[in-house]
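Me: I would like to go through a structure with you. Could you take me through the packing of its helices, with the terms explained as they come up?

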Amino acid sequence: MAVLPIRITATGTVEVSHDDHGGSLPLSSLTFAKRIDGSDDPRFVVVPCPGCPAVSTHPISGGAAPEHVQRLFMRLALARRAAFGATANAGRAAVKRRVRLLVGAMDGAERWKLGADDDDEGDAPLDAATQNETEA
Ligand SMILES: [Zn+2]
């Protein structure tokens, strides 16, 4: 089973599930896969399991968990705009368009799971409904 990002907190902690265990790690610690020339490929993120040596590489289109993975890529793109071809002062909607274009280029437009018109989120966490849960 893949190492899955299941939630990202407002402060940038990625909660990860893997088989019967999981854990958390900072968003800033995630890396992109490398192209053959050694440069980062922001269409693929490498997610290590905090609880064992397993590592999963997820495509921006999301593979078997498109909603979770696309949310992770949105947060990555907001934190690392230049890697996704957005300018440093690009707004959330512009960043989202970049991510959506990359998803569509990889797997077709119908793969997009984050909603076509939810820019009214403003700067709210992508998973606001669960942000106040206590730590397990
Ligand atoms: Zn594990």
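Reply: To begin with a term: a residue is buried if 20 or more other C-beta atoms lie within 10 Å of its own, exposed if 12 or fewer, and partly exposed in between, with C-beta atoms placed from the backbone. This is a predicted model, in which local features need pLDDT of at least 70 and side-chain atom pairs count only at pLDDT 80 or more, while totals for chains, interfaces and linings use all residues. Residues are numbered from 1 along each chain as its sequence is written.

Me: Which elements does the protein have, and in what order?

Reply: The protein has two helices and six strands. Their order from the N terminus is β-β-β-β-β-β-α-α. Helices (H or I, at least four residues) and strands (E, at least two) are DSSP runs, numbered from the N terminus.

Me: How much of the protein is buried?

Reply: Of its 136 residues, 25% count as buried.

Me: And α1, is that enclosed or open?

Reply: Helix α1 is largely enclosed by the rest of the structure, because 11 of its 14 residues are buried. Among them are H68, V69, F73 and L76.

Me: What do those buried residues pack against?

Reply: They pack against the strands β1 (4-8), β2 (13-18), β5 (40-48) and β6 (55-59), and against the helix α2 (92-107). Two residues are in contact if their C-beta atoms, placed from the backbone, lie within 7 Å.

Me: How are α1 and α2 arranged?

Reply: They pack at an angle of about 130 degrees, with their axes 10 Å apart. Axes are lines fitted to C-alpha atoms, for helices over the stretch in contact, and angles run from 0 to 180 degrees between N-to-C directions. The two helices are therefore oblique to each other; angles under 35 degrees count as roughly parallel, over 145 as roughly antiparallel, 65 to 115 as roughly perpendicular and the rest as oblique.

Me: Which residues make that contact?

Reply: Helix α1 contributes Q70, F73, M74, A77 and L78, and α2 contributes R92, V95, K96, R98, V99 and V103.

Me: What does K113 touch?

Reply: Leaving aside residues up to four places away in sequence, K113 touches G62, P66, E67 and Q70. K113 and A65 are 48 residues apart in sequence, with their C-alpha atoms 9.9 Å apart in space.
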